[in-house]
Amino acid sequence: MNIGLDFGTTYSVISRVNKRSDAADDYSIDALRLKAANLKESISSLVVKDSSGNLVCGRNALGKMKEAGSVVYRGFKMMLTEKSKQKRHDRGYDEVITPEKVTEIYIRFLFDQARACERIPVEFDKVVVGVPAVWFDSNKANDSRVFIEDIVKENSRAKMVEVISEPELACAYFTDNYYKNRKEHYNGKILLVDYGGGTLDLSLCDVKYNGERCEITLVRRSGAGISDGSNNLGSAGLAFIEKILELVCKRNGIEMNNQDKDYYDCINDIEGALIEGTDSFFDNNKMTDELVFSYVFDGGMKELLEETFCDIYVSGENYNITYGDLKKAYDVVINPVLKEKLDDMKGYIDAKKIENENLKIAMVGGFCNFYLTQKQICKSFSYGGMDDPRFKDMMSNVSDCEKAISYGAALVAEGVIDIKRVAPYHIGFASMRNGKLDKVYYAVHKGDVIAPDKVYWRSENFSGRLRDIVINRADTTIEDARMDIHVEHGELDGEYLESLDSITKADVFKFGISLDKSLVITVHVRVQKQNENGEYVDLPENTQPKPIRLGNIDSILGSLRTVK
């Protein structure tokens, strides 16, 4: 069996494809019902350390949240990329209970619950798991991707695990849904705006039907959510809710941190009000709250800013949250980041002259259900109303927005839809002169469609040692590193250099780079010698240095140095 996992910041979902017959298109996508979620299809990404020091999940965690001495862990997925010990400590972690430990406990719990309620095997053939797209653009998130891959493989007991960006998986679902709605395959561009609890991801994908299945290729992406130096937990829904609570506490002189017993009650109350008390921008049944939002956020009646949106309770006292609080929090946490990323993507679409007839726009993630988020996105792309073809035919049920990633992961795992792997940056090695980068030799270029695990070799022969790996995120690049301001580089050491100990200054070698299906880098080296014809040939395989998978590239490189 193959399954798809959406390990979300706030909620998680596991799905599978159920084939009803041998016909290629006769199947359904179903989310597994989990015991600890009262047989619902999603379960809160919540872990609590109780007063005895045990880590508990699900309904048991909810019951332990107010227990004296308990510690609540929410948003631990976002903390995987946070390297600051102080910020981890501020969120209740220590040297023993780390975000990695909490994540491991939660992932194990997820699969145990799925097996307890569904007739699924002990072992899986393949699991596809989604992670934020920004995790593919940051070195500090590389080891987090590898960690997720390893921990899912261990606890699902799967033969194969692939880590793919969440927007690409959502694109797979929307592509499949388009076919079900229109009875024809979509060919064109899809812009995915994925706004969940922790990250904002914008991904422009190209979709082509090859006669057997749809192939999805990432064209461009942009996003936010990796730690930016603030105390916000990401740059999306949770950060917005925490900012609302911070504003209310400040206004009322309340001192409260994220481990106070009332804190998560307040967070849950605000989240519930946002889910239940506001309407979708696309909802034909316009209700009062939407009209209030229109007035408040479109510069209308200022007195509405003082109207109560919902109430929270701290130490038994009632405090009101106003629409003005929501506006302030949105303008601080959401509006600037979302505008910047939307403008960047819209600029790219305009520059490439992608016509509206060849573009679909789809929104995914819980925070994309929020009225203001939808409205800002639609305003940016000059939304033309309910008949705007860019927003049509991608979704049959609005509620599926929250399950799109898991559904898409299941489709990819089953092989119904294929996602092409694209290099997220230029990768190569550099020669040094007087302690500075001199020339860069790239083996892989950003935007290249790559075959997973295929080695891309540089044609040149080198002598000595190449110690400095180079990562370049610019759209275009030059090989004279002294003239390229986008180069990040770091000296490889440890296991990498140990593998090259057999290479002497007199030896000649070539190097290559491969990326696996999770886009983790592996370095390959082939020592060569000249034959009687003067040609360079590889030495026997058993004498060659072993390939080095740079799973924990952040620790291997130390801190990458940026050439300015």
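Me: Is the crossing of α7 and α10 left-handed or right-handed?
Reply: A quick heads-up: this is a predicted model. In it, α7 packs against helix α10, residues 323-351, with the two axes 9 Å apart. The crossing these helices make is right-handed.

Me: How many charged residues does the contact of α7 with α10 have?
Reply: On the α7 side you'll find Ala 239, Phe 240, Lys 243, Ile 244, Leu 247, Val 248 and Arg 251. They meet Asp 325, Leu 326, Lys 328, Ala 329, Tyr 330, Val 332, Val 333 and Ile 334 in α10. Sorted by class, that gives 11 nonpolar residues, no polar ones, and a charged count of 4.

Me: Ile 244 turned up there. Does Ile 244 count as buried or exposed?
Reply: Ile 244 is part of helix α7. Buried means under 20% relative accessible area. Ile 244 has 0% relative accessibility, so it counts as buried.

Me: Which residues of α8 make the contact with α7?
Reply: The axes of α7 (237-252) and α8 (261-276) come within 10 Å and cross at roughly 115 degrees, and this crossing is right-handed. From α7 the contact takes Phe 240, Ile 241, Glu 242, Ile 244 and Leu 245. Split by class, the residues of this contact are 9 nonpolar, no polar and 2 charged. The α8 side supplies Tyr 263, Cys 266, Ile 267, Ile 270, Glu 271 and Leu 274.

Me: How are α6 and α12 placed relative to each other?
Reply: α6 covers residues 166-182 and α12 covers residues 404-414, with axes 7 Å apart. The angle between them is about 80 degrees, and 65 to 115 is the range for this class. The two helices are therefore roughly perpendicular.

Me: How many nonpolar residues are there in the contact of α6 with α12?
Reply: α6 brings Glu 166, Leu 169, Ala 170, Ala 172, Tyr 173, Phe 174 and Asp 176. α12 answers with Ala 404, Ile 405, Tyr 407, Gly 408, Ala 409, Leu 411 and Val 412. Setting aside 1 polar and 2 charged residues, the nonpolar count is 11.

Me: How many of the residues of α12 are buried?
Reply: α12 is mostly covered. Its buried residues include Ser 406, Ala 410 and Ala 413. Following the helix comes Gly 415, with a positive phi near 85 degrees. The buried count for α12 is 10 of 11.

Me: Which residue just after α11 takes a positive phi?
Reply: Helix α11, residues 371-380, has 9 of its 10 residues buried, so it is largely enclosed by the rest of the structure. Among those buried are Lys 375, Ile 377 and Cys 378. Just past this helix, a phi of about 50 degrees is taken by Ser 382.

Me: Does Ser 315 count as buried or exposed?
Reply: Ser 315 is in the loop between β13 and β14, and it has a positive phi of about 50 degrees without being a glycine. Over 50% relative accessible area is the cut-off for exposed. Ser 315 has 63%, so it counts as exposed.

Me: What is the relative accessible area of Arg 157?
Reply: Arg 157 sits in the loop between α5 and β9. Though not a glycine, Arg 157 has a positive phi, about 55 degrees. It is partly exposed, with a value of 38%.

Me: What percentage of the chain's residues count as buried?
Reply: The chain has 14 helices and 28 strands. Its accessible surface comes to about 24800 Å². Of its 564 residues, the buried share is 57%.

Technical notes: Residues numbered from 1 in each chain as written. Predicted model: local features only at pLDDT ≥ 70, side-chain atom pairs only at ≥ 80, totals over all residues. Heavy atoms only, no water. Axes fitted to C-alpha atoms, helices over the stretch in contact; angles between N-to-C directions. Helix = DSSP H or I, 4+ residues; strand = E, 2+ residues; numbered from the N terminus. Parallel < 35°, antiparallel > 145°, perpendicular 65-115°, else oblique. Contact = heavy atoms within 4.5 Å. Nonpolar A, V, L, I, M, F, W, Y, C, P; charged D, E, K, R; others polar. Left-handed = near helix turned anticlockwise from the far one by under 90°. Buried < 20%, exposed > 50% of the residue type's maximum accessible area, 1.4 Å probe, protein only. Areas by Shrake-Rupley, 256 points an atom, 1.4 Å probe, with all protein chains shown as cover.
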